[in-house]
Amino acid sequence: MKELLISIAQGLVEDPEAVAVDQDEPDEEGVVVFHLHVAPDDMGRVIGKQGRIAKAIRTVMRAAATRQELKVSVEID
């Protein structure tokens, strides 16, 4: 899951080396939170107009997690 998020983010940004993902342990509801870090200049590229790209990233991650019977959340830091 972490590799999927990294590959999606690296395809969107100008500085792929600055992409980093931290993964939290599952909480009491079993939700794993991924924290996506990108360069400050690339923040707009990852969020998109009115948050459309960020919403699409979260949708893809939820769909991939469903296949593995997991629950995930993506936060862009």
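Predicted model: local features only at pLDDT ≥ 70, side-chain atom pairs only at ≥ 80, totals over all residues.
View 1. The protein exposes about 5,100 Å², of which carbon and sulfur atoms supply 49%. Taken along the principal axes, the C-alpha atoms fill a box of roughly 35 × 20 × 20 Å, and buried residues make up 30% of the 77 residues. The radius of gyration is 12 Å, which agrees with the value near 11 Å that a compact globule of 77 residues would have.

View 2. Three helices and three strands are present, and, read along the sequence, they follow the pattern α-β-β-α-α-β. Among contacts between residues at least 6 apart in sequence, 53% join residues at least 24 apart.

**View 3. The largest nonpolar core.** This core holds 17 residues, of which Met1, Leu5, Phe34, Leu36, Met61 and Val72 touch the most other members. At least two residues each are supplied by α1 (2–12), β2 (31–37), α3 (52–67) and β3 (71–76), with the largest share, four residues, coming from α3. Not counting residues up to four places away in sequence, Leu36 touches Leu5, Ala9, Val19, Ala20, Val21, Val46, Glu75, Ile76 and Asp77.

**View 4. Asp42 and its surroundings.** Asp42 lies in the loop between β2 and α2 (43–47), and it counts as buried because its relative accessibility, 3%, is under 20%. Its side chain reaches the backbone nitrogen of Asp15 at 3.2 Å. When neighbours within four places in sequence are left aside, Asp42 is in contact with Val13, Glu14 and Asp15.

Key. Residues numbered from 1 in each chain as written. Heavy atoms only, no water. Core = buried A, V, L, I, M, F, W, Y, C linked by side-chain atoms within 4.5 Å. Buried < 20%, exposed > 50% of the residue type's maximum accessible area, 1.4 Å probe, protein only. Contact = heavy atoms within 4.5 Å. Polar contact = N/O pair within 3.5 Å; in protein donor to acceptor, adjacent residues only side chain to side chain. Rg over C-alpha atoms; globule rule 2.2 N^0.38 Å. Areas by Shrake-Rupley, 256 points an atom, 1.4 Å probe, with all protein chains shown as cover.
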